[in-house]
Amino acid sequence: MGWVKGEVRELTRWTERLFSLRVDAEVEPFKAGQYNRLRLFIGEEWVARPYSYVNPPDVRPLEFHLVTVPEGPLTSRLIHMEPGDEVELMPRSTGLFTLDQLPDARDLWLLATGTGLGPFLSMLGSEEPWRRFENIRLVHSVRHGAELSYQDRIREYAQGAPGRFHYQPLVTRESLEGIPQKRISVALQDGQLEALCGLGIDAVHSQVMICGNPDMVRDTQAILKGRGMQRNRRGHPGQITVENYW
Ligand code: NAP
């Protein structure tokens, strides 16, 4: 399998363990929501992991949002990369967590925890969601306020679509003024999420994409299924599309 060389352009540190990496590399065209792989030669072997693009398909450099995983050999090295350092990528990207897998609907809900925000930023930077959905809601749940990454970019998207877009941060392990201290699943269950977003979620009007912590994906999905929504599968259109991040 061929790999291509990438050159690190920039590393942004959001917190001690949360960062974004911008990389110049020649890769084939991809869709928002897809992922590539980053690999480094560590010790005596190549170590590769999948990471979703944060940059929209027509924007360069390539960008990835990462969190260091305890004992993770790759992220613990990637977080120390500097401009000019080399990392390898796949020429071709993969993944079905893309908007073209979704049936049309009035409303699009994007529910993320942690670095699961990344693919949604890529989508929001493309024209497809704005062309296909009337209302878009982006929900981002993190443990601490400092992990609410990409505020500037989200503000730009909001300003580009007045009245159609709402961003709802949730911070679960810190009390911050104006931000609910509640998990996505809990806020969905008790109705607060929809109240905050000024929009209801139902099987007729909503398409819901969920990305991040696998436990959050499971719990949130179960609540939506309890409301009569189904997984969106090829040949069996539903309302829920998910990506487990690990
Ligand atoms: P996280 O534990 O995923 O928490 C992010 C948000 O998700 C928090 O608001 C958290 O709420 C919420 N959450 C967790 N479980 C939930 C559930 N069942 N239902 C609803 N919400 C839930 O932490 P993170 O800081 O984003 O991710 C860091 C850790 O994730 C890493 O240390 C690593 O272990 C793992 N990770 C692994 C990989 C990998 O490739 N192996 C990649 C990325 C991340 P609470 O604060 O209430 O828990």
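Trainee: Which side chain has an N or O atom 2.8 Å from an oxygen atom of the ligand?

Mentor: That is the side chain of Arg183, and please keep in mind from the start that we are looking at a predicted model.

Trainee: How many residues surround the ligand, and which are the closest?

Mentor: There are 18 residues around the ligand, and the closest are Arg17, Ser141, Thr172, Arg173 and Arg183.

Trainee: Switching topic to charges: how many salt bridges are there?

Mentor: The count comes to 19 salt bridges. As background, side chains of opposite charge can pair when their charged atoms come close.

Trainee: Ok, what does Asp24 pair with?

Mentor: Asp24 forms a salt bridge with Arg9, and their closest N and O atoms are 2.9 Å apart. Asp24 belongs to strand β2, residues 18–24, while Arg9 belongs to strand β1, residues 4–13, so this pair ties together parts that are 15 residues apart in sequence.

Trainee: Are those two buried, exposed or partly exposed?

Mentor: Asp24 is partly exposed, with a relative accessible area of 30%, and Arg9, at 47%, counts as partly exposed too.

Trainee: What about Arg132, where does its partner sit?

Mentor: Arg132 forms a salt bridge with Glu128, with the closest N and O atoms 2.9 Å apart, and both residues lie in helix α3, residues 128–132, four residues apart, which is about one turn of the helix. Arg132 is buried at a relative accessible area of 16%, because buried means under 20%, whereas Glu128 at 22% counts as partly exposed.

Trainee: Which residue does Lys182 meet?

Mentor: The side chain of Lys182 meets that of Asp190 in a salt bridge, at 2.5 Å from N to O. Lys182 is partly exposed at 22%, and Asp190 is partly exposed at 42%. There is also a network in which salt bridges with shared partners join Lys5, Arg39, Glu86 and Glu88.

Trainee: Does Arg39 lie over or away from the face of Trp46?

Mentor: Arg39 lies over the face of Trp46, at 3.7 Å from the ring centre. Trp46 itself is partly exposed, with a relative accessible area of 41%.

Trainee: Rings, then: how many aromatic pairs turn up?

Mentor: A search of the whole structure finds six aromatic pairs. In one of them, Phe41 and Trp46 have ring centres 5.2 Å apart and planes at 70°, so the pair is edge-to-face, since over 60 degrees counts as edge-to-face.

Trainee: What kind of pair do Tyr53 and Phe64 form?

Mentor: Tyr53 and Phe64 form a tilted pair, with 5.4 Å from centre to centre and 35° between the planes. Tyr53 is in the loop between β4 (45–52) and β5 (62–67), and Phe64 is in strand β5, eleven residues apart, so that the pair links distant parts of the chain.

Trainee: Buried or exposed, those two?

Mentor: Tyr53 is buried, with a relative accessible area of 0%, and Phe64 is buried at 0% as well. Ring pairs also link Phe30, Tyr53 and Phe64 into a cluster.

Conventions:
Residues numbered from 1 in each chain as written. Predicted model: local features only at pLDDT ≥ 70, side-chain atom pairs only at ≥ 80, totals over all residues. Heavy atoms only, no water. Phe/Tyr/Trp six-rings, centres within 6.5 Å; stacked < 30°, edge-to-face > 60°. Buried < 20%, exposed > 50% of the residue type's maximum accessible area, 1.4 Å probe, protein only. Helix = DSSP H or I, 4+ residues; strand = E, 2+ residues; numbered from the N terminus. Lys NZ or Arg CZ within 6 Å of the ring centre and 35° of its normal. Salt bridge = Lys/Arg side-chain N within 4 Å of Asp/Glu carboxyl O. Near = heavy atom within 4 Å. Polar contact = N/O pair within 3.5 Å; in protein donor to acceptor, adjacent residues only side chain to side chain.
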